[in-house]
Amino acid sequence: MTTAGAARPRVAVLVSGNGSNLQAIIDRCTGPQGSIELAAVISDRPEVFALERARQAGVAGVTVDYRATGDREAFARSLAAELDRLRPDFVVLAGFMRILPATLVDRYRGRMLNVHPSLLPKYPGLDTYRRVLAAGDPWHGATVHFVTADLDAGPAIVQYRLRVRPGDTAQSLRERVQAGEHQIYPQAVGWIATGRVTLREHTVFMDGAARAAPVIVDEPSPD
Ligand code: GRF
């Protein structure tokens, strides 16, 4: 619960595209009853719809243009400078498509989250929907995890899990997984904002207890 006037953690959300996860976080984590102050939305590309969502929510939108900065190192330096200026308590990657250097990730250890469309550690990387279908997996889903220097391998906080149905396509899986992301990501952001979830060494703690596995949220059954 947030009381009026109480300091709320400042969050920067990094985006690259549509921003539907950003929207879910705006809707559920900001405003008078929300747990965070959304300090800024940072995009690696101009003219993405996520920046329009930020504008509509009255949140500062910043572009650190990947193409204009020249190369990966220069981009990372520009992004780090922007974060230094904003001084967020937490950094939330929401459909952000750049791999960040370890130096930057380490500075936000325990304070940087990502959402990935698979049940990690299965299927890190891209194109998870097609890969799950090709493998004939019975389950798919999404994971919110702390970001570490290992790509898509940081300690997991919460997973949304769904059964792959006969007739599922990459598109139908994407829609169901994203609906789940919009549920678990704001939930996880609220948990870290209120201190319910923390990272100590490589272990996620929730309400003071070490977790051996992420919280699992199952997709409701269709009937
Ligand atoms: C999400 O599905 C997320 O899992 C992946 O990129 C997608 C971004 O979607 N990392 P959006 O920009 O939040 O709509």
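Before anything else, a note to myself: helices (H or I, at least four residues) and strands (E, at least two) are DSSP runs, numbered from the N terminus.

**Entry 1: ground rules.** I'm looking at a predicted model, where local features need pLDDT of at least 70, side-chain atom pairs count only at pLDDT 80 or more, and totals for chains, interfaces and linings use all residues. Residues are numbered from 1 along each chain as its sequence is written, and side-chain values use heavy atoms, with hydrogens and water left out.

**Entry 2: Ser118.** I found Ser118 in the loop between E5 and helix H6 (128-135). Buried or exposed? Ser118 is buried, at a relative accessible area of 0%; buried means under 20% relative accessible area, exposed over 50%, partly exposed in between (1.4 Å probe, protein chains only). Next I looked for polar contacts, meaning pairs of N or O atoms within 3.5 Å; within protein, one must be able to donate a hydrogen and the other to accept it, and residues adjacent in sequence count only if both atoms are side-chain atoms. A polar side-chain atom of Ser118 sits 2.5 Å from the backbone oxygen of Lys122. The backbone oxygen of Ser118 is reached by the side chain of Thr143, at 2.6 Å.

**Entry 3: Thr143.** Thr143 is buried, with a relative accessible area of 0%.

**Entry 4: the ligand.** Which residues are around the ligand? I listed Asn18, Gly19, Ser20, Asn21, Gly95, Val115, His116, Pro117, Gln178 and Glu181; a residue is near a molecule if one of its heavy atoms lies within 4 Å of it. By class, I get two nonpolar, seven polar and one charged residues in this shell (Ala, Val, Leu, Ile, Met, Phe, Trp, Tyr, Cys and Pro count as nonpolar, Asp, Glu, Lys and Arg as charged, and the others, Gly among them, as polar).

Then I checked oxygen atoms of the ligand. One is 2.5 Å from a polar side-chain atom of Ser20, and an N or O atom in the side chain of Asn18 lies 3.4 Å from a ligand oxygen. For Asn21, a polar backbone atom is 2.9 Å from an oxygen atom of the ligand. Helix H1 (20-29), strand E5 (112-116) and helix H7 (170-193) are the elements that give two or more residues to the shell.

**Entry 5: Ile26.** Back in helix H1, I looked up Ile26. Ile26 is buried, with a relative accessible area of 10%. Ile26 and Ala57 are 31 residues apart in sequence, and I get 7.5 Å between them in space, C-alpha to C-alpha.
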